Amino acid sequence: MKIIYTDALIIGGGLAGLRSAIAAKKKGLDTVLISMVPVRRSHSAAAQGGMQASLGNGKMSEGDNEDVHFSDTVKGSDWGCDQEVARMFVQTAPKAIRELAHWGVPWTRIRAGERTAIINTKKTIIKEDAHNEGLIQSRDFGGTKKWRTCYTADATGHTMLYAVANEANRLNVYMTHRKEAVSLITKDDQCCGAVVRDLITGKLGAYIAKGTMIATGGYGRIFKVSTNAVICKGTGAAIALETGIARLGNMEAIQFHPTPLFPSGILLTEGCRGDGGVLRDKDGYRFMPDYEPDKKDLASRDVVSRRMMEHIAKGKGVKSPYGEHLWLDISILGREHIEKNLRDVADISKTFAGIDPATGWMPVLPMQHYSMGGIRVKPNGESPTLKGLFCAGEAACWDLHGFNRLGGNSVSEAVVAGMIIGESFAEYCLGANITIDTDLINQKLQEQQTYLESLLKLNGTQSIFAIKTKMQEIMSAKVGIFRNAKDLQSAVDELQELYRECKNITIKNKKLHGNVELDDAYRVPRMIKIALCAAVGALQRCESRGAHTRTDYPKRDDANFLNRTLTYWKHPDDPLPTVEYEELDVMKMEIAPGFRGYGDKDNIIEHPGAAKRAEEITRITDELTAKHADRFTIQNALMPYELSPKYKAKNQRVGVGYE
Amino acid sequence: MSRKLTINILEYDPQDPSDRPKIVSFKMDETPSLSFYLVLKYIKEHLEPDLAYDVVCRAGICGSCAMIINGTPRLACKTLTNNFKETEFTLAPLAGFALIKDLSVNTGIWMKGMNKRVEAWVHQNTPMDISKIERKIDPDAADEVFELDRCIECGICVASCGTKLMREDFVGAVGLMKVARFRADPHDIRSDEEFYELIGDDNGIFGCMSLMGCEDNCPKELPLQNKIAYLRKKMVELG
């Protein structure tokens, strides 16, 4: 079994991994990126609608800046995010988008003059200033005060991923695909690399590195219906979990997107509603304004998904052989707009539902879409407990999104984290030293080899595919949009039973290569561990926050749960993860906990410190404003944060310069 | 009454010296909106647990699942059984790429080589300050680049190509489209002479015989022939 030595090992070749690899390579590090699939097939490519960055170029984004993006993100997270991380993110996002433009992302640009847009189902004329023609345009998305989402039609993730992959090629980054990390190599609470399986030959190898980064995306495929690609199994987070050292954060924080196509679960972008599309019920009635008079169809995703399910529960769903659904109507936008800006949506609708969305409505139903939880990392991207392990993008709980992510903040986070964390990761690798015996490496390799061979020898009655399906059904039925103690407890019990069943299987083909049944035989137990972390976290979080909705605890309970759930697997034989909590410090927040501006009102159990912090924020802001302090000074007084100077530099904007 | 489908799959494990290519038949019931990705998932989970095929997004955007379905290269996830009059289908691995096993082929390694060969990245010599307002780009030029940037490197154009059959090293419509894409990009400073160095031979722009298989089968409906013809005209002007 081969041993490969390198400076920087990156596991995962989506936007976050690729951008991090670029950061490492630019520092002169020997960099190796491994990916289960060719990097351009990564799930980042599936992002449709766009990337949030407060450029403030277009008419509808005038007045936008980092402060507005920050406020939207914090409210979107239902005060669950790390506000310092959110600040780092919003400050870097405009730079990320400009860097991507330089690398060739063909962002849709502003055209001077008048155009018609559909706003609140009415035709509205928007006039763009002539001197802004050619700058990057943005569209509307849910939960945002300004039109902030930059886009390339509805194939934004694709063009971003290709541009970053192109840049990695230009820099000659070593990327190798059809390689899967199956175990992290740790020694004295330090990560020294990974055991990696070649998915073509089935052979194991060890990659020994000064620093290791996991950027393997989310865990959507623990659910039965998900918009996620089939590779989003959460196994990157699972190998971190299996170290017994790294912690996972907020695994119960799982987003359900309002408008996947029903029943296939293929995503139809939020841009459909951002561009003016609306949701309708079985009577063709537009119901969202009744629930959310202010943001209507464009409240945050958690809110819209819940309102849709609430409306179906009232008997307003459209009945079909596969169950009930609602309609997404973009026909009001007109064929020309759809074929230019929502082209993949039209293609998906025609191919998979046989409906031309310029003339018909598309069947939609909320389904799993995004994992806010992941490997818990510090603002520099490193695990607080496992030295030398970094994580970025959806795989991480950095924690930008708290309990609900805003549309357009996912690809944005992936690239921005690749810049910020990629740089701190590279600096770590430059300074790090590891000492590891070849004997220990060989022992780790042999452990995995023995494990794989033992799976082939199992002689049980179950199919690993059936176990996987069962897990997905449990998660969708009992750890879904609406949760309660009884269902969650039964999910935890059933998942434990299912985990034991993984040893009661038989694999037909006895070869170590080209054996997809064997692949699942070691992946599914890891997926069940991830599912258990989510289910246990959800069971113990007796409140409703963002996407985590407990019907038995409908209020957001800041008094008891203004914290982050940490789960880890203490001993390999433990039946369940160990749960700890990490408090969020209300007195350090830039925005004190309050009402989000959408969703149910008067639904908060207040934190004892919230009012005090709110007063403090007002006092500091008033005092500084009286002294004519600028917004940066006020921000720094409220919540100082660290960021490398090149990313913390002020962002220039049209009309206001660096103000 | 749902239709009964017969699915014949070309199975072969080139890493197993004792294995020989064989066609294996499976029977299943057709369900509404049944894609070939779902067909393969069903066969794997119920009938042939080690059946190898590639799939990632299952939504027609990642380009992983190209294969030959009844003689034509197609994306398995975007091809639905009910669009065919036939009830018998034969699935074979995508031609022109290294076979991994059964329907799984290594398009990734081929595309990696192609991208390096045509230097598929923006060439520029001006450093940028990412704090500053971005360079203005003509909206039509941006749209044009986007149009050409939609390629998902699925390999269907390569598998549909007559030239590729005769010239192993032909860069394919995908490679020529990359050149067209960067040639159109206002950020890229390369001259036509420099592009000629990359593709000005029979394994490049002058190899295309305009048989149009690429455009006929492209799942993204890219204007391949039009762009290749224009590129050829520009390259001929230099030659």
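Reader: What is the handedness of the crossing of helix 3 of chain B and helix 6 of chain B?

Author: Two packed helices are described by the angle between their axes and the distance between the axes. In this predicted model, the crossing of helix 3 and helix 6 of chain B is left-handed. The contact draws on B:Glu144, B:Val145, B:Leu148 and B:Asp149 from helix 3 of chain B, and on B:Met177, B:Ala180, B:Arg181 and B:Ala184 from helix 6 of chain B. Sorted by class, the residues of this contact comprise five nonpolar, no polar and three charged.

Reader: At what angle do helix 3 and helix 6 of chain B pack, and how far apart are their axes?

Author: Helix 3, residues 139-149 of chain B, and helix 6, residues 172-184 of chain B, pack at about 165°, and their axes lie 9 Å apart. Since an angle over 145 degrees counts as roughly antiparallel, helix 3 and helix 6 of chain B are therefore described as roughly antiparallel to each other.

Reader: How are helix 12 and helix 15 of chain A oriented relative to each other?

Author: Helix 12 (residues 438-457) and helix 15 (residues 516-540) of chain A pack at an angle of about 110°, with 10 Å between their axes, and these two helices are therefore roughly perpendicular to each other. On the side of helix 12 of chain A, the residues that meet helix 15 are A:Gln448, A:Tyr451, A:Leu452, A:Leu455 and A:Leu456, while helix 15 of chain A brings A:Leu518, A:Ala521, A:Tyr522, A:Pro525 and A:Arg526. Eight nonpolar residues, one polar and one charged make up this contact.

Reader: How much area do chain A and chain B bury between them?

Author: The size of an interface is often given as the accessible area lost when the parts come together. Here chain A and chain B bury about 6,100 Å² between them, with 51% of it on carbon and sulfur atoms, and the contact takes 78 residues from chain A and 69 residues from chain B. The count of salt bridges between the two chains is twelve. B:Lys220 forms a salt bridge with A:Asp344, in which the closest N and O atoms are 3.6 Å apart.

Reader: Which peptide bond is cis, with omega near 0°?

Author: The bond from A:Phe262 to A:Pro263 is cis, and A:Pro263 sits in the loop between strand 13 (254-257) and helix 6 (271-274) of chain A. As a further backbone feature, A:Trp79 has a positive phi of about 60° although it is not a glycine, and A:Trp79 is placed in the loop between helix 2 (66-76) and helix 3 (83-102) of chain A.

Methods:
Residues numbered from 1 in each chain as written. Chains lettered and ligands numbered in written order. Predicted model: local features only at pLDDT ≥ 70, side-chain atom pairs only at ≥ 80, totals over all residues. Heavy atoms only, no water. Axes fitted to C-alpha atoms, helices over the stretch in contact; angles between N-to-C directions. Helix = DSSP H or I, 4+ residues; strand = E, 2+ residues; numbered from the N terminus. Parallel < 35°, antiparallel > 145°, perpendicular 65-115°, else oblique. Left-handed = near helix turned anticlockwise from the far one by under 90°. Contact = heavy atoms within 4.5 Å. Nonpolar A, V, L, I, M, F, W, Y, C, P; charged D, E, K, R; others polar. Buried area = accessible area lost by both parts, 1.4 Å probe. Salt bridge = Lys/Arg side-chain N within 4 Å of Asp/Glu carboxyl O.
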